[in-house]
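Here are my notes on this structure. Please read them with the model open beside you.

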Amino acid sequence: RRVRGRGRGRGREQGSTMPMHCRKMKQPGELQALPAPVFETLPPKEDGEGCVLMEQPGTLKEATTQEALQRGTVYCIIVRDKKVEGDDFVEIIRHYSKASSLGTVYLSSCRLGISGGQHMARSLDYLTNLFLESNGIKDGGITTLATAVGANNNLKVLGIVSEGFGVVGARALAGALQTNTCLSRLDVSGNMITQEGAKEMAFALKRNSGNALKTLVMDTEYGGIRKGEAQGLLRAFMLQYSIT
């Protein structure tokens, strides 16, 4: 009996046979407790009916049996502190972006890892806002994600916070920023991008006259962009590029 239970648990948290479970985010103050950039993407007067919290993730087949995902319009899906399988989750995103109005996804501490981050690159074609935080995507996952960003004309907001990537990932993002003309907000704070990575991103933005980036959130030492104006070290690098 124990052996059979372990077999059924593959593909989810090791040893877990928990069925998928979702609910609407209608508890008092629950939406307001979301990170401000996530909350700001929600429709005006959203009361939680359009936001689904996956308390136990699963497959698309399971998702289509969940009342929270089947009733009403789905604008946003949130997963926190639960293991997410990237390939399964992208299929859920694809389905509800077409069958409903899913545009925002927030994954925090979901142990995606490098391969999960690579799978999430496929989700950019279906989303307007993607927030990833502390999922262990690292340079390998960010590189694939950045390639997708460079070719994307749909995503407006991207948060990749504390994902464990460094200068390699920053260079990949710089390559994306050199061609992307759609992204308006990018948050790379909590990562080890280094001054070299910040410089690459600054130069990429200068090369792309059609970039739409109005906000770039970085760790304080690197500056950033606020309301379309470069700040701090990033500004210095951008000025340096203009005179070389």
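1. Start with one term: contact means heavy atoms within 4.5 Å. By that rule, and leaving aside neighbours within four places in sequence, Leu69 is in contact with Met20, Cys22, Val52, Met54, Ala63, Val74, Ile77 and Tyr96.

2. Know what you are looking at. This is a predicted model, in which local features need pLDDT of at least 70, side-chain atom pairs count only at pLDDT 80 or more, and totals for chains, interfaces and linings use all residues. Residues are numbered from 1 along each chain as its sequence is written, and side-chain values use heavy atoms, with hydrogens and water left out.

3. Now the sheet. It is open and has ten strands, in the order S1-S2-S3-S4-S5-S6-S7-S8-S9-S10, with mixed pairing. Strands here are DSSP E runs of at least two residues, helices are H or I runs of at least four, and both are numbered from the N terminus. Two strands pair if DSSP finds at least two bridges between them. S1 (21–24) and S10 (229–231) stand at the edges with a single partner strand each, so one side of each has no neighbour in the sheet.

4. Look at one pair. S8 (residues 215–217) and S9 (residues 224–226) run antiparallel and share two bridges. Val217 has Gly224 in S9 as its bridge partner.

5. Which residues have the most contacts inside the largest nonpolar core? They are Leu69, Ile77, Phe89, Ile160, Leu186 and Leu216, in a core of 60 residues. Helix H9 (residues 194–207) gives the most to this core, with six residues. Another core lies apart from it, with twelve residues, including Leu31 and Cys76. A nonpolar core is a set of buried Ala, Val, Leu, Ile, Met, Phe, Trp, Tyr and Cys residues joined through side-chain atoms within 4.5 Å. Buried means under 20% relative accessible area, exposed over 50%, and partly exposed in between (1.4 Å probe, protein chains only).

6. Take Ile142 as a test case. Ile142 is found in helix H7 (residues 138–150). Is Ile142 buried or exposed? Ile142 counts as buried because its relative accessibility is 0%. Not counting residues up to four places away in sequence, Ile142 touches Ile137, Ile160, Phe165, Gly169 and Leu173. Ile142 and Ile160 are 18 residues apart in sequence, and their C-alpha atoms are 8.6 Å apart in space.

7. One general point to close. In soluble globular proteins, nonpolar side chains tend to be buried together.
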